[in-house]
Amino acid sequence: MSFWSTSTGENAADNAASNYEVEGGGSLEPMPEGTSVLAFPKKAEWAKTQDGNAEYVYIQWSIMKPEQFANRVVPHKLWVTDLDPGVIDLEKAKKKRDRNLNMFATIDANAGGRLARINSKPTNEELAAALTGKTMVIGLGVWETNDGKSGNWVRSVSDKNAELKVGTAKSAQKAASSGNIGNDIGDSIPF
């Protein structure tokens, strides 16, 4: 059997084209704004921007509950050493770093506080050992781009015993999706 043999006996290399798209699967809509889920970091490590000039902690959260969102993954960047290069205003970038550092300390505290006891920049091994598999409740927000892409971001972190809830879609989004956007200048615009 060749490396390129499929389960049906075809040779994938013989059928290769210039493009390929997986059928089915579809895309998942973001979980609603204000949703709180029980999750655990399945990955925690240092990462760098594509240009390699800025570093952040990358956590990949795996959702356990509620059941309707189980096994979904939420990526989380925490700018705890460098400033987020996407934030132009220096003061806003500093405030974002401070908020991220406070959230990171809360994540560590909920995971047992091992990183705080190190009192220095943790290694990848220390991040993974201290955080992966530790359950806690994360609150989710929704981000959207001008070209229609959207996803979830982590807006809060709480003890694993905090309340779980499913948020609701923003009313402006509901109006936009139903085509029922008012004509008054004072109406809410969903961006």
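Let's start with the S2–S3 pair. Strand S2 and strand S3 (residues 73-78) run antiparallel and are joined by 6 bridges. Strands here are DSSP runs marked E of at least two residues, numbered from the N terminus. Two strands pair if DSSP finds at least two bridges between them. In S3, His-76 stands opposite Ile-59.

A word on the source. This is a predicted model, where local features need pLDDT of at least 70, side-chain atom pairs count only at pLDDT 80 or more, and totals for chains, interfaces and linings use all residues. Residues are numbered from 1 along each chain as its sequence is written, and side-chain values use heavy atoms, with hydrogens and water left out.

Now the other partner of S2. S1 and S2 also run antiparallel, with 10 bridges. Trp-46 has Val-57 in S2 as its bridge partner. The S1–S2 hairpin has 6 residues between the strands. There, Gly-52 takes a positive phi near 75 degrees.

How covered is S2 (residues 55-65)? Mostly: 9 of its 11 residues are buried. Buried means under 20% relative accessible area, exposed over 50%, partly exposed in between, with a 1.4 Å probe and protein chains only.

Take Gln-60, in strand S2. Gln-60 has a relative accessible area of 18%, so it counts as buried. Leaving out residues up to four places away in sequence, Gln-60 touches Phe-40, Pro-41, Lys-42, Lys-43, Val-73 and Val-74. Contact means heavy atoms within 4.5 Å.

Last, Leu-28. Leu-28 lies in the segment before strand S1 (36-48). Its relative accessibility is 61%, so Leu-28 is exposed.

Technical notes
Helices (H or I, at least four residues) and strands (E, at least two) are DSSP runs, numbered from the N terminus.
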